[in-house]
Amino acid sequence: MNKTIKTAPYADQKPGTSGLRKRVPVFMKENYVENFVQSIFDSLEGFAGKTLVIGGDGRYYNDVVIQKAIRIASANGFGAVLVGQGGLLSTPAASHVIRHHHAFGGLILSASHNPGGPDGDFGIKYNVGNGGPAPEKITDAVYARSKVIDRYLTVDEPDVDLSRIGTHHCAGMVVEVIDPVADYAALMQTLFDFPKLKELFASGFCMRFDAMHAITGPYAHRILEDMLGAPKGTVINGTPSPDFGGGHPDPNLVYAKDLYDLLMSADGPDFGAASDGDGDRNLIIGKGRFVTPSDSLALLAANAHLAPGYAKGIAGIARSMPTSAAADRVAEKLGIEMHETPTGWKFFGNLLDAGRVTICGEESAGTGSNHVREKDGLWAVLLWLNILAVRGESVDAIVRAHWATYGRNYYTRHDYDEVDTTAANGLMDALRARLGTSASFNVGGYETAYADDFTYHDPIDGSVSAKQGIRIGFKDGSRIVFRLSGTGTVGATLRVYLERYEPPNGHHDLDTQAALAPLIAAAEQIAGISDRTGRSAPSVIT
Ligand code: VG1
Ligand code: CO
């Protein structure tokens, strides 16, 4: 029996870069989840009788939210929901399941790389029928609805047993519990040369994959160890845990430091990789060689044709604005389209749907292709493996050869976490106020070539997204970008992105922070970061 329950709106349900993310205690407030899920459904049309996909990264509160979402979906008239066994689906797998089963859309329950547990973060994101995150038009409507919502619909039904694969029911709606890995693994087999990858592992190639106690564990165990024959133990921390083993499931040089140290050691494995909470990010480290995500995007684009799924070449590349220009040089050489979009995967969807680009990436350890509409951690790992298997060279050799051809974009990101929101906004506003007189950014010998607040004009649907980050380009080709994060849950996070180009015959062996030291000093001088935030150093350097 459908029930209409009275509720009162919350003022803070504005989706950020990737859905609504808040601390778990916030999501536990009365009707907080119900309001948001109902606001999503109230903002959609034409889903009666259609299929909704629901899955999450298994973090704390996933099990409770998924049952609420199933009941609300049933009361709102969905015909069926597809749910991963145990309520689990990685973000890229959810994207694929939506596409593969021609679902109307999907709910992804995750706060991605943010920590989990009772005091950690939770998140809800809606993805549309192409498998990608809802565009701003929809997220804006959801937010508007959440501010006035006064009722939600649900049904009086017990929890569905999500541990059992098969067909269940919730009132009149079918609940199909599926193997979370099967469809995704089958897709990977169509893109990559599995027999060749098997040979690679059989030949003694040694890899370590750190699933960081998060969602990619089951996927990596199945694909790398069961299907490709990598020895047991290749995948570590491979059982998803509600609090990620107390860790921070962000695959970067700070939170995956053990993996980094292992790969830098004399007797370390040939190849190391890690993924984040919801499985859409990737960290790539070769023996003795860390690959920055921006370089990884460029390298994957330059070598994608070596994998069967991309043998015919790629149509174009897209990268988020703060991502380094390394990929641009590859696009130029290949004579293909290059697009610069705002941060967040939702901006790639139109370009991918239109066939304008094949490979996309972000500096935040996200790469993906037209196989789904999310970034995809394990996909990037498999593409790297396919390239290594075909070329028969080390990661280090491949990276060096790339720089010798295209030059090197030294790149780093400095994050200042949990900064006072007023101070962070003040810093950005002060920069914005100086944009008209860009000469005011001339410091330390750097001459400003351009300075603006990035505005994106979507070439497919003509939509405009303004205020996407302040970029200051200098005449020597280096660049500083200032931006506030849209995924943090406490205070503000200031991100400073720094980049400089070294030509093919230049010095490629400098330490990144040393190579960028003058630019880092210029950023401090331009924005007065320490004065304004009270921080003398970044919280995280990647
Ligand atoms: C961050 C990254 C961005 C990424 C987003 C979601 O956003 O910078 O590149 O798309 O997280 O990634 P922000 O607004 O905090 O800079 V995930 O893996 O958290 O879904
Ligand atoms: Co993620």
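Is Glu418 buried, exposed or partly exposed? With a relative accessibility of 49%, Glu418 counts as partly exposed, where buried means under 20% relative accessible area, exposed over 50% and partly exposed in between (1.4 Å probe, protein chains only). This is a predicted model, in which local features need pLDDT of at least 70 and side-chain atom pairs count only at pLDDT 80 or more, while totals for chains, interfaces and linings use all residues. Residues are numbered from 1 along each chain as its sequence is written, chains are lettered from A and ligands numbered from 1 in the order in which they are written, and side-chain values use heavy atoms, with hydrogens and water left out.

**The cobalt site**

- Four side chains coordinate the cobalt ion (ligand 2) at 2.0 to 2.1 Å: Ser112 through OG, and Asp276, Asp278 and Asp280 through OD.
- Donors here are N, O and S atoms within 2.8 Å of the metal (3.2 Å for Na, K and Ca); water is not among the atoms, so sites may look incomplete.
- Along the chain, the donors of the cobalt ion (ligand 2) are spaced as S-x163-D-x1-D-x1-D.
- Ser112 sits in the loop between β5 (105–109) and β6 (121–127), and Asp278 in the loop between β12 (271–274) and β13 (283–286), so this pair ties together parts that are 166 residues apart in sequence.
- As for the naming, helices (H or I, at least four residues) and strands (E, at least two) are DSSP runs, numbered from the N terminus.
- Ser112 and Asp278 are both buried, with Ser112 at a relative accessible area of 3%.

**Positive phi values**

- Most residues other than glycine have a negative phi.
- Ser112 has a positive phi, near 55°, and is a residue other than glycine.
- Glu418, in strand β19, isn't a glycine either, and its phi is positive at about 50°.
- Gly335 follows helix α11 and has a positive phi near 70°.

**Helices α13 and α14**

- The axes of α13 (residues 377–391) and α14 (residues 395–406) come within 10 Å and cross at roughly 90°.
- That makes α13 roughly perpendicular to α14; on this scale, angles under 35 degrees are roughly parallel, over 145 roughly antiparallel, 65 to 115 roughly perpendicular and the rest oblique.
- For the geometry, axes are lines fitted to C-alpha atoms, for helices over the stretch in contact, and angles run from 0 to 180 degrees between N-to-C directions.
- Trp384, Ile387, Leu388 and Arg391 make the contact from α13, with Val395, Ile398, Val399 and Ala401 from α14; contact means heavy atoms within 4.5 Å.
- Seven of the residues in the contact of α13 with α14 are nonpolar, none polar and one charged, counting Ala, Val, Leu, Ile, Met, Phe, Trp, Tyr, Cys and Pro as nonpolar, Asp, Glu, Lys and Arg as charged, and the others, Gly among them, as polar.
- Leu388 in α13 is buried, at 4% relative accessible area.
- Beyond its neighbours within four places in sequence, Leu388 is in contact with Phe205, Phe271, Glu393, Ser394, Val395 and Ile398.

**Helix α11**

- Ala326, Ala327, Val330 and Ala331 are the buried residues of α11 (residues 326–334).
- Viewed down the axis of α11, these buried residues fall within an arc of 140°, so they line one face of the helix; the arc is that of the directions from the helix axis to the C-beta atoms.
- Glu332 and Lys333 are exposed on the other side of α11.
- The packing partners of the buried α11 residues are α10 (293–303), β15 (316–320), β16 (337–341), α14 and β19 (408–419).

**Other buried residues**

- Ile178, in strand β9 (residues 173–178), counts as buried at 13% relative accessibility.
- Leaving aside neighbours within four places in sequence, Ile178 is in contact with Leu82, Val83, Gly84, Gln85, Val97, Ile165 and Asp183.
- Ala220, in helix α8 (residues 216–227), is buried at 0% relative accessibility.
- Not counting residues up to four places away in sequence, Ala220 touches Phe209, Glu225, Val235 and Leu378.
- Asn62, in helix α3 (residues 62–75), is buried at 3% relative accessibility.
- Asn62 and Phe122 are 60 residues apart in sequence, with their C-alpha atoms 8.1 Å apart in space.
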